[in-house]
Amino acid sequence: MRYQIQGETLPVVICELEAGERMITEGGAMSWMSPNMKMETTSNGGIGKAFGRAFSGEKMFQNIYTAQGGPGMIAFASSFPGSIRAFEVAPGQDMIFQKSAFLASEEGVQLSMHFRKKLGSGFFGGEGFIMQKISGQGIVFAEFDGHVIEYELQAGQQIVIDTGHLAAMSASCNMDIQSVPGVKNMLFGGEGFFNTVITGPGKVWLQTMPISNVAGALRPYIPTGN
């Protein structure tokens, strides 16, 4: 499989497949394709995994596209202004994504739920208790909000992240929360009560424009019914 990511704030990934190669995506992610791409809707692992994907922000069923009779082409576009990133996963190199980040992948990649280990980080960390775990073997495409900044953390090195800005991280990283110090800072600082803390070793990807922040900025301008 060969691919190109095109576009700036409204990106699309265009995948070129050899005959018989397959791509997995959530329902509704396909944007355009060649006529020889055959679609099959499946639970892809049974009803248990289907429910797990639903809890992690994806649809219960996935679509598998296969290039039949020769090379094929299929494109997946982002659903929000932002970035599409490609990650290569392999045994022992799992990834953790924010909820709903999964866009598409090669056939050998598995998507499952990832529970934040500490209850507090799930309820107060900004993106909910459940995230997405990406494992298996192959290339996976993820969509993030805004531009993406990458950091590589050494063992024990930390980065403190405002709510919602965590896009992805290596599964080797540890996630926790810490409260904003000082009651005055909490109440009047405008940064919320908690921050997410990521501890290395591993890589972390941060997004500049979380969709939750955009929704909050637009809310005062949306008329409400009487």
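**A first look at Phe144**

Is Phe144 buried or exposed? Phe144 is buried, because its relative accessible area is 1%. Here buried means under 20% relative accessible area, exposed means over 50%, and partly exposed lies in between (1.4 Å probe, protein chains only).

**About the model**

This is a predicted model, where local features need pLDDT of at least 70, side-chain atom pairs count only at pLDDT 80 or more, and totals for chains, interfaces and linings use all residues. Residues are numbered from 1 along each chain as its sequence is written, and side-chain values use heavy atoms, with hydrogens and water left out.

**Tyr3 meets Phe141**

The structure contains 5 aromatic pairs. Rings of Phe, Tyr and Trp (its six-membered ring) pair if their centres lie within 6.5 Å; planes under 30 degrees apart are stacked, over 60 edge-to-face, and the rest tilted. For Tyr3 and Phe141, the ring centres are 5.0 Å apart and the planes sit at 75 degrees, so this pair is edge-to-face.

Tyr3 belongs to strand E1 (residues 2-6) and Phe141 to strand E13 (residues 138-145), so their pair ties together parts 138 residues apart in sequence. Strands are DSSP runs (E, at least two residues), numbered from the N terminus. Tyr3 is partly exposed at 34% relative accessible area, whereas Phe141 is buried at 0%.

**Back to Phe144**

Phe144 pairs edge-to-face with Phe87, at 6.2 Å centre to centre and 70 degrees between the planes. This pair also links distant parts of the chain: Phe87 is in strand E8 (residues 82-89) and Phe144 in strand E13, 57 residues apart. Phe87 is buried too, with a relative accessible area of 7%. Together with Phe97 and Trp205, Phe87 and Phe144 make up one aromatic cluster.

Conventions. Helix = DSSP H or I, 4+ residues; strand = E, 2+ residues; numbered from the N terminus.
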